[in-house]
Amino acid sequence: MIDWLTEPWTFEFMRRALLAGVLVAIASSLVGAFVVVRGLSFLTDAVAHSSLAGAAVAFAAGGGPTAISAGAVAAAVASAVGVATLTRRLQLREDTAIALVFAALFAFAILVMSSVRNYTLELNAFIVGNILGVTGAELALMAVLTLLVAAVVTVFYRELLYAAYDPEAAAAVGVPVTAAQTGLLVLVALAAVIAFRLVGVVLVMAMVVAPAAAGVRFARSVRGAMGIGAVTALAATVAGLYLSYYGNVAAGPAIVMAVLAIAGALWAADAWRRRRWTPGKDS
Amino acid sequence: MAADSETSYLGRVELAANAPPLADAITVTDLTAGYDSHVALERVTLHIPPGTLTGLLGPNGSGKSTLLRVLIGLLEPWSGEVRVLGRRPVDARPYVGYVPQVHGGAPRFPITVAEVVAMGTYHRWRVPFRGRRGAVAAALERVGLAGYEGRLLHTLSGGQQRRVLIARALVRDPQVLLLDEPTAGLDAPSEAALLALLRELADEGRTVVVATHDLAGVRDSFDIAVLLNRRVVAAGRPDHVMLGEMLDEAFGRELLHLHDAGRHHVRHHGGEGR
């Protein structure tokens with residue numbers, strides 16, 4: 001049994017995958033808690049897809065993995081800022097602005113990719129994820145971005161919290177609400193780029209939203225939701241990697257299935273608890 | 001009575017003869033403001049002395065909320081001048097507490113009562129707020145919610161949540177307090193308790209301005225009534241300005257309907273128009 005548990009971690013690629021999973025768990029739960037309370041799940045999905053545009057351009061220009069990641073970060077941040085700008089300047093509804101930016105950048109990404117003859121593994125890794133092939137340089141980039149996200153969320157926690165909770169009252173006490181809301185969109189972009197190496201562009205939303213949603217359900221504060229979300233995501237990463245190793249299936253989808261299973265179990269437990277407590281209400 | 005020339009009711013509000021001659025806490029001069037191309041307030045002039053309890057009365061869409069948003073600096077005037085405690089509204093914010101009409105939090109937002117109230121102690125440049133915990137407890141006690149710090153906000157009743165938001169404004173120890181329909185949706189005892197609290201706060205020397213639909217409450221316990229309908233219809237002591245034809249001008253048919261229902265007893269023609 002011990003051997004069964006330790007065997008996967010004797011391989012370098014599995015240890016790297018685990019480290020990548022830890023970074024994703026931290027970044028996505030820090031940002032995910034705000035995504036869930038602000039209702040920005042769709043934005044997260046859009047930003048992840050938009051990042052593909054930058055990755056595709058970098059790839060077409062002959063860039064290596066680091067250049068591709070950097071291109072993805074740039075496109076993700078640009079899409080997030082674009083959504084914020086469209087929402088304010090053209091007074092579009094946020095979901096409309098998201099749809100427009102998402103469609104434009106994703107179509108552009110496919111366009112660029114279709115022009116590249118040897119469209120191969122490298123970009124494929126962005127679409128469905130390839131955590132088992134993550135390189136040292138990519139890991140370093142993920143670590144730097146995760147540190148950046150953690151630092152910004154720690155320093156500006158009150159601003160982010162107040163702007164998310166009650167923008168009108170926050171502005172009245174002097175919180176720079178517009179900056180906080182735009183900053184959150186940029187954080188979402190960074191979290192998406194950190195996560196898509198793990199699970200791919202298509203499933204980033206699951207990593208950012210599901211653990212945090214479980215956290216928000218149980219926590220008494222956004223900070224608490226981040227903690228519960230991180231633990232959930234970590235447990236899912238470990239479980240998903242075992243499933244991938246012994247079941248011989250792709251790691252990304254296995255981790256996402258594990259996240260959803262754990263989050264689903266937590267929700268079920270919560271619903272059951274609430275049903276039993278209904279008569280006494282919230283006393 | 002020349003109700004169509006609204007300027008005849010304007011000007012400095014006369015208080016009791018022994019009131020000290022202090023500078024006005026709030027001065028609004030020829031203010032016009034609105035949203036996009038919609039004019040919400042037109043050429044509004046007001047002087048509100050410190051330590052008074054003022055009610056802003058008017059039908060929905062009369063500009064009550066807009067005036068409060070201008071006073072807290074959330075909305076820039078199109079023209080005219082606004083001074084709160086002698087400063088621009090944005091600069092006066094550290095001394096002003098604001099209770100918005102509805103709060104924007106999602107229904108199950110994970111936030112405790114203490115965290116909501118502590119929001120009032122925010123300072124952009126991280127100037128430390130000494131004794132935050134004690135101030136939060138004191139503010140909650142003031143609104144009758146002592147010991148509620150650890151409760152999740154969304155588990156409280158609507159009236160209790162409203163009081164938490166008032167505590168959030170009070171924790172700043174504000175000299176000016178702006179409240180947007182604080183009594184809407186409250187039951188009668190809660191409403192009476194809230195009005196008593198506002199009276200108390202004004203008696204401590206704070207300037208309290210309340211947008212409200214509660215005509216009886218304003219007439220009975222406020223110092224100043226401002227009848228608003230995009231313009232100032234009348235402003236002054238409630239018994240001077242809450243007269244039939246001025247109320248009719250401010251409220252139009254909405255109030256006539258209330259007359260019919262017999263729910264408000266408004267004195268007609270006192271002959272003391274200014």
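This is a predicted model: local features need pLDDT of at least 70, side-chain atom pairs count only at pLDDT 80 or more; totals for chains, interfaces and linings use all residues.
Two residues are taken to be in contact when their C-beta atoms, placed from the backbone, lie within 7 Å.

Chain B comprises 10 helices and nine strands, and 44% of its 274 residues count as buried. Among the contacts in chain B with a separation of 6 or more, 67% are made by residues 24 or more positions apart.

Helix α5 of chain B spans residues 158–170. The distance from the first C-alpha of this 13-residue helix to the last is 19 Å, close to the 18 Å expected at 1.5 Å a residue. Buried positions in α5(B) are B:R162, B:R163, B:V164, B:L165, B:I166, B:A167, B:R168, B:A169 and B:L170.

B:G120 lies in the loop between α3 and α4 of chain B. This glycine counts as buried because it has 25 C-beta neighbours inside 10 Å, the cut-off for burial being 20 or more. Although B:G120 and B:L170 are 50 residues apart in sequence, their C-alpha atoms are 7.8 Å apart in space. Neighbours within four places in sequence aside, B:G120 is in contact with B:G97, B:R168, B:A169, B:V171 and B:R172, and with A:V173 of chain A. Of these, B:R168 and B:A169 are among the buried residues of α5(B).

Between the two chains, 20 residues of chain B are in contact with 23 residues of chain A. The chain B side of this contact consists of 11 nonpolar, six polar and three charged residues.

Key: Residues are numbered from 1 along each chain as its sequence is written. Chains are lettered from A and ligands numbered from 1 in the order in which they are written. Ala, Val, Leu, Ile, Met, Phe, Trp, Tyr, Cys and Pro count as nonpolar, Asp, Glu, Lys and Arg as charged, and the others, Gly among them, as polar. Helices (H or I, at least four residues) and strands (E, at least two) are DSSP runs, numbered from the N terminus. The expected span of a helix is 1.5 Å times one less than its number of residues. A residue is buried if 20 or more other C-beta atoms lie within 10 Å of its own, exposed if 12 or fewer, and partly exposed in between; C-beta atoms are placed from the backbone.
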